[in-house]
Amino acid sequence: MKGSKSRIGDGLFLGLSASAGLTILVTLFLVAFFLFWEAWPAITAAPDEVRGGQGLVHYIAPLLVGTLMSAAIALIIATPLAIGIALFITHYAPRRLATALGYLVDLLAAVPSVIFGLWGVTVVGPGMMGVQGGLNEYLGWLPFFGGNASPRSMLVTGLVLAIMILPIMTAVNREVFLQTPALHEEASLALGATRWEMIQQAVVPFGKSGIISGAMLGLGRALGETMAVAIILSASVRYTSVITTSGNPGTIAGDIALNFPESSGIDVNTLITAGLVLFFVTLIVNMIARWIVSRRSEFSGAN
């Protein structure tokens, strides 16, 4: 009798688990189908009918460049910060301080993006003027700097995005570092390694896949951020590699947020097409991250 009930419970749990997995796949397919269906009129429309009057590629390509630029800047800034904060919390800070810091970092995730946007445009932007001016003056020979500094530049946007994605990246890194086998750490210390050498030898190799996973989660958040980018960035439709001035290309998410309420007809389909591009970019980024993590899992240091 007990065995019969157990088999019924196992079958029920298996059915519920399979249904949950299929629901995710079906939802993803339906979202992709909806975006493609709504984007088709813009895809098949004449170039002069599309928003901007010069075709989909001319309209979406600068937005895609701006999206990738802002996300890349955020990732470059946030990755070392997230790793450093996670290492300090897990291996250096006293227990009470580590707990308090963990709560504080996690609280950043609860701040609405519009608050980050307002803070960025009123505090971070003006505060970065001196830094951006120095970068333009001393590193103007690089293609990323030059011109007149602006408080609504791509660099300011990337910095605010970095702070926004910091909680999720730090949380992932912290949990992975805490999972490092104690025997690995103790063996490294027993061989005469300092705490920093032990982290290099045991903690970081074990947590590489987690670091990559956290970075990709943060990248996905940065790619899709809307309100903060729409508030801060002074967007244009031109290409530029300079990140300290105004007139940078906008982002797909920010452009949709700013223009969708007032759009109609083919303009709506054009914006949905841009959303379709962002959907596939995010999907590709997550697939690449999954592939990297699966390759690193065999060499995570846990074997």
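Visitor: Let's start with Ser209: is Ser209 buried or exposed?
Guide: Here's the rule: under 20% relative accessible area is buried, over 50% is exposed, and anything in between is partly exposed (1.4 Å probe, protein chains only). Ser209 has a relative accessible area of 17%, so it's buried. Keep in mind that this is a predicted model: local features need pLDDT of at least 70, side-chain atom pairs count only at pLDDT 80 or more, and totals for chains, interfaces and linings use all residues. Residues are numbered from 1 along each chain as its sequence is written, and side-chain values use heavy atoms, with hydrogens and water left out.

Visitor: Where does Ser209 sit?
Guide: In helix H8. Helices (H or I, at least four residues) and strands (E, at least two) are DSSP runs, numbered from the N terminus. Ser209 also shows how the fold brings sequence positions together: Ala289 is 80 residues away along the chain, yet their C-alpha atoms are 9.3 Å apart.

Visitor: How many helices and strands does the chain have?
Guide: The chain has 11 helices and two strands. Reading from the N terminus, the order is α-α-α-α-α-α-α-α-α-β-β-α-α. Of the 303 residues, 40% are buried.

Visitor: How do I read a pair of packed helices?
Guide: You describe them by the angle between their axes and the distance between the axes. The axes are lines fitted to C-alpha atoms, for helices over the stretch in contact, and angles run from 0 to 180 degrees between N-to-C directions. Under 35 degrees is roughly parallel, over 145 roughly antiparallel, 65 to 115 roughly perpendicular, and the rest oblique. Take H7 (residues 182-190) and H8 (residues 195-224): their angle is about 135 degrees, and the axes lie 9 Å apart. That makes H7 oblique to H8.

Visitor: Which residues meet there?
Guide: From H7, it's His184, Glu185, Ser188 and Leu189; from H8, Arg195, Glu197, Met198, Gln201, Ala202 and Val203. By type, the residues of this contact split into four nonpolar, three polar and three charged. Contact here means heavy atoms within 4.5 Å. As for the classes, Ala, Val, Leu, Ile, Met, Phe, Trp, Tyr, Cys and Pro count as nonpolar, Asp, Glu, Lys and Arg as charged, and the others, Gly among them, as polar.

Visitor: And at what angle do H2 and H10 pack?
Guide: H2 (residues 56-91) and H10 (residues 252-259) pack at about 120 degrees, axes 8 Å apart. They are therefore oblique to each other. Tyr59, Leu63, Leu64 and Thr67 of H2 meet Ile252, Asp255 and Asn259 of H10. That contact divides into four nonpolar residues, two polar and one charged.

Visitor: What does the side chain of Asn269 reach?
Guide: The backbone oxygen of Glu38, at 2.6 Å. For a polar contact you want a pair of N or O atoms within 3.5 Å; within protein, one must be able to donate a hydrogen and the other to accept it, and residues adjacent in sequence count only if both atoms are side-chain atoms. Asn269 belongs to helix H11 (residues 266-296) and counts as buried at 11% relative accessibility. Leaving out residues up to four places away in sequence, Asn269 touches Glu38, Ala39, Pro41 and Ala42.

Visitor: Where is Thr244 found?
Guide: Thr244 is in the loop between strand E1 (235-236) and strand E2 (248-249). Its relative accessible area is 0%, so Thr244 is buried. The side chains of Thr244 and Asn136 make a polar contact of 2.6 Å. Among the other residues that Thr244 touches are Phe144, Phe145 and Leu155.
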